[in-house]
Amino acid sequence: MAIVKLKNRNIYDPWEDFTRLQSEINELFNNDRIPKHSGLFDRNFTPAVNVSDSKSEYKITCELPGMEQSDIELSIVSNVLTIKGTKQKDKVSDKGKFYRKEIWEGSFQRTLSLPTDVDSEKIVAQLDNGFLSISVPKREEAKPKQITINVQ
């Protein structure tokens with residue numbers, strides 16, 4: 001004859017509520033609700049950017065597929081570069097219901113703090129094949145200089 005522990009499901013277990021509460025709190029912190037690497041005024045969707053540094057300039061490349069030049073606005077105030085725009089709704093998408101919609105549309109804004117050594121008057125931007133390339137030159141005094149040493 002085997003001995004089986006009697007488990008009455010109608011008995012109140014105070015630890016069960018705590019366990020459920022702890023599980024819900026853990027799930028709350030596991031969800032990634034905040035986009036990574038975002039600026040102060042960035043919205044839910046922010047396009048991906050690459051920023052590189054060379055001797056003479058900073059190069060910013062922003063991924064904006066399907067956008068026209070007229071949809072993008074670029075501004076700089078107090079060394080904060082703002083890229084914002086609106087991706088227009090695709091006209092093909094008006095013809096039916098979506099079962100899955102992963103292509104984004106709507107407005108976006110991306111802000112980037114620039115170093116103090118940039119020459120904001122000479123910033124140049126170009127849109128090509130869905131990539132916005134922004135060239136941010138450094139001021140002349142910030143560029144590295146080669147000094148030759150005369151040996152006597």
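How many helices and strands does the protein chain have? The protein chain contains one helix and seven strands. This is a predicted model. Along the sequence, the elements come in the pattern α-β-β-β-β-β-β-β.

**Chain as a whole**

- The protein chain has 152 residues, and 22% of them count as buried.
- Among contacts in the protein chain with a separation of 6 or more, 56% are between residues 24 or more positions apart.

**The four-stranded sheet**

- Four strands form an open sheet in the order β1-β2-β7-β6, and their pairing is antiparallel.
- The edges of this sheet are β1 (49-53) and β6 (124-128).
- Each of these edge strands has a single partner strand, so one side of β1 and one side of β6 are left without a neighbour in the sheet.
- On average, neighbouring strands of this sheet are turned by 15° against each other, with direction ignored.

**The pairing of β2 with β7**

- Strand β2 covers residues 57-63 and strand β7 covers residues 131-137.
- These two strands run antiparallel and are joined by seven bridges.
- Glu 57 has Pro 137 in β7 standing opposite.

Technical notes: Residues numbered from 1 in each chain as written. Predicted model: local features only at pLDDT ≥ 70, side-chain atom pairs only at ≥ 80, totals over all residues. Heavy atoms only, no water. Buried < 20%, exposed > 50% of the residue type's maximum accessible area, 1.4 Å probe, protein only. Contact = heavy atoms within 4.5 Å. Pairing = 2+ DSSP bridges. Axes fitted to C-alpha atoms, helices over the stretch in contact; angles between N-to-C directions.
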